[in-house]
2 protein chains.
Amino acid sequence: MKKVTRLKDLAEGLNVSITTVSKALNDHPDISPKRKKEILDYAKKMNYMPNQVARSFRQQKTKLIGVIFSDNTNPFYARVIRGIEEVMFRHGYHCILMNSYEDVERETQFIDELRGLNVAGVLLTPAAGNGKSTRLLEQYDIPYVLVNRYLEKEKNTYVALDDYQAGYMAAKHLCSYGNENIFFLNFLPEVSSSKGREAGYRQALEDCGVAARAEWIIAGCMNQNDGYEAAKRILEKVKPPVSIMCYSDNIAIGAAGAVQERRYTLPHDVALIGTDDISLLSFLSPRFTTIGVPKMRMGRKGAELLIERIRAKEKADELDEESGWTDQQILMEPELLIRETS
Amino acid sequence: MKKVTRLKDLAEGLNVSITTVSKALNDHPDISPKRKKEILDYAKKMNYMPNQVARSFRQQKTKLIGVIFSDNTNPFYARVIRGIEEVMFRHGYHCILMNSYEDVERETQFIDELRGLNVAGVLLTPAAGNGKSTRLLEQYDIPYVLVNRYLEKEKNTYVALDDYQAGYMAAKHLCSYGNENIFFLNFLPEVSSSKGREAGYRQALEDCGVAARAEWIIAGCMNQNDGYEAAKRILEKVKPPVSIMCYSDNIAIGAAGAVQERRYTLPHDVALIGTDDISLLSFLSPRFTTIGVPKMRMGRKGAELLIERIRAKEKADELDEESGWTDQQILMEPELLIRETS
DNA sequence: AATGTTTCAGTTAACGTTAAAGCTAAGAAG
DNA sequence: CTTCTTAGCTTTAACGTTAACTGAAACATT
């Protein structure tokens, strides 16, 4: 049996015009029910699948979404991505996965390539930088939604954690132990999430009557090893008991390693709290105290927002007017999960 | 400044024909160096990016790759995917991420959609089933490479772990403790990796003079919770010391939870070994004994093989002959990583 | 000087789809 | 019976790109 890959093949098999087949498959009212059924049955029988490339070409739009995050192996982003994929799939979109590794250059290159691919939209966690990526996206008129971070200077649509609240909750919790030193192993200080958490941390200390010291905040922790190194240095200088709040669970894991290396115990010598609620850490002993973040929900919400925005743009393009999209800012509520490291 | 998105825009700006611009951008020898430079400079200045949809349409091929795995949040697959993305990006391909959740229906639907998208190739870990996916891929003439699993009945190109060796190493290691019971918490018994590991496990026991008992092998463990439940039941029936070998680190984590719940200790009461070498577990205490798997390397190798296969097909299509691709089977070497749970 | 070759450009057509416009016959309205 | 409408199908054109072909001028070879 000859392969049926084009409308033409179906049309010839049924002795109707190509357009008629196209209309039948797209449920166009022009076609009589009888003929429609005939065509649909035949298409099904022949296992026909429309050529999306041709369709995208003709319609000047695709069902592809760019998904740019720093690293898909980061358990946090992995779950965000899963949420995105789930929603996009349900809506007939497909996700192009891109790892930026926090590199602005890579990120902008990705965006250029996504423009070439004519993607319907982009979801991204912008790398620390000067907002070049979002400016490009605006310039290319590509709908986008930021996830987990946002840019203060510009008005954007984003889904993020209520970082201030997260920082506040965590620091307040640590304050309750009354340890003399309350450290904060922070991520890159220029990104919104780091700033928000630090602000929350500072406010919590203030509310607890603790004067924050500059050396308590250690910025630039990106991974487990950075957490390990930072904690190691802390424990060389400071005598337990000490409290350590971490920007991520990854960092907390590294810190825990340093604690154990020193033969200190959690939570007795070191009260430790992470952020993200990575699933592994609720199983292992000691189960990590952390700030829960609705990661999949964040991804899903971001995807839904993007779809909304894409729809608005499509409608506007049709009528040849401005999209009139009003930016939306959504903050997810963090949750204090007290377990065994504090 | 008007937006320059088409060759036509460039051509008009430079007063040359569209084809000339196309040739210049594609480094065709027809164009003189002088003119070529002129056009390239102008294109760069105008920030032109070729319309990949139109290009794909014209050339009847895309630079898209389907990446179908069960779940991108699984730390194992996350690293495999990262390896894939890395290589594909370097070669100008882009990855469409799809989570099958071990569901054959979903998987085949994905493949149908990928056919519509005209992807250049597909990388996948086939869900346990009857080989429907690979048959579809063959039928649609889409180049593909299997990763981490293969199908015994059919001849395929794949990159997988030497599962037999992995099972053998792990079981042999556990045998050295001389515990009376040596359990194996296995994954779905119908997939190649489970079979291979079980075969290795059996052989190791035999070589150690241990008669394997049917009840030692507990199949169907998919996640942490399954590992927890299985270990819990084991510890209700059997008195320590006992050895438990797990198909994955995820399962081992669950098992460790059950061990700790019973107030047994690792490795004294229970010698535990996992598989995969998930990065978290080398940091936390107790650091898990496991079988190391080169996950990123597996992804990279799979991607390279797929590119090879795509190239072969492209060449064959050009000459209008059979591709003559000979299937390749690549096995990665596992590594015994003895740490603190055994 | 006549002929062949090379260089460098332009013209044409096609990839599969669908929106818009066109056409015909049947049915409705006057 | 004529005119108007509608249902249901077909024809045409276009999306941006590039392979194949065409053509003119410059250059090389006898």
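1. Just after α4(A), A:Q60 takes a positive phi of about 60°. Helices here are DSSP runs (H or I, at least four residues), numbered from the N terminus. The model is predicted: local features need pLDDT of at least 70, side-chain atom pairs count only at pLDDT 80 or more, and totals for chains, interfaces and linings use all residues. Residues are numbered from 1 along each chain as its sequence is written, and chains are lettered from A, ligands numbered from 1, in the order in which they are written.

2. In α4(A), the buried residues are A:Q52, A:V53 and A:S56 (buried: 20 or more other C-beta atoms within 10 Å of the residue's own, C-beta atoms being placed from the backbone). They cover an arc of only 100° around the axis, which puts them on the same side of α4(A); the arc is that of the directions from the helix axis to the C-beta atoms. Their cover includes α4 and α6 (104-117) of chain B, where contact requires C-beta atoms, placed from the backbone, within 7 Å.

3. DNA strand C is surrounded by 25 residues, the closest being A:L7, A:A54, B:S17, B:T19 and B:T20; near denotes a C-beta atom, placed from the backbone, within 6 Å of the strand. The helix giving the most to this surface is α4(A), with five residues. By class, the surface has eight nonpolar, 10 polar and seven charged residues (Ala, Val, Leu, Ile, Met, Phe, Trp, Tyr, Cys and Pro count as nonpolar; Asp, Glu, Lys and Arg as charged; the others, Gly among them, as polar).

Methods:
Helices (H or I, at least four residues) and strands (E, at least two) are DSSP runs, numbered from the N terminus. A residue is buried if 20 or more other C-beta atoms lie within 10 Å of its own, exposed if 12 or fewer, and partly exposed in between; C-beta atoms are placed from the backbone. Two residues are in contact if their C-beta atoms, placed from the backbone, lie within 7 Å.
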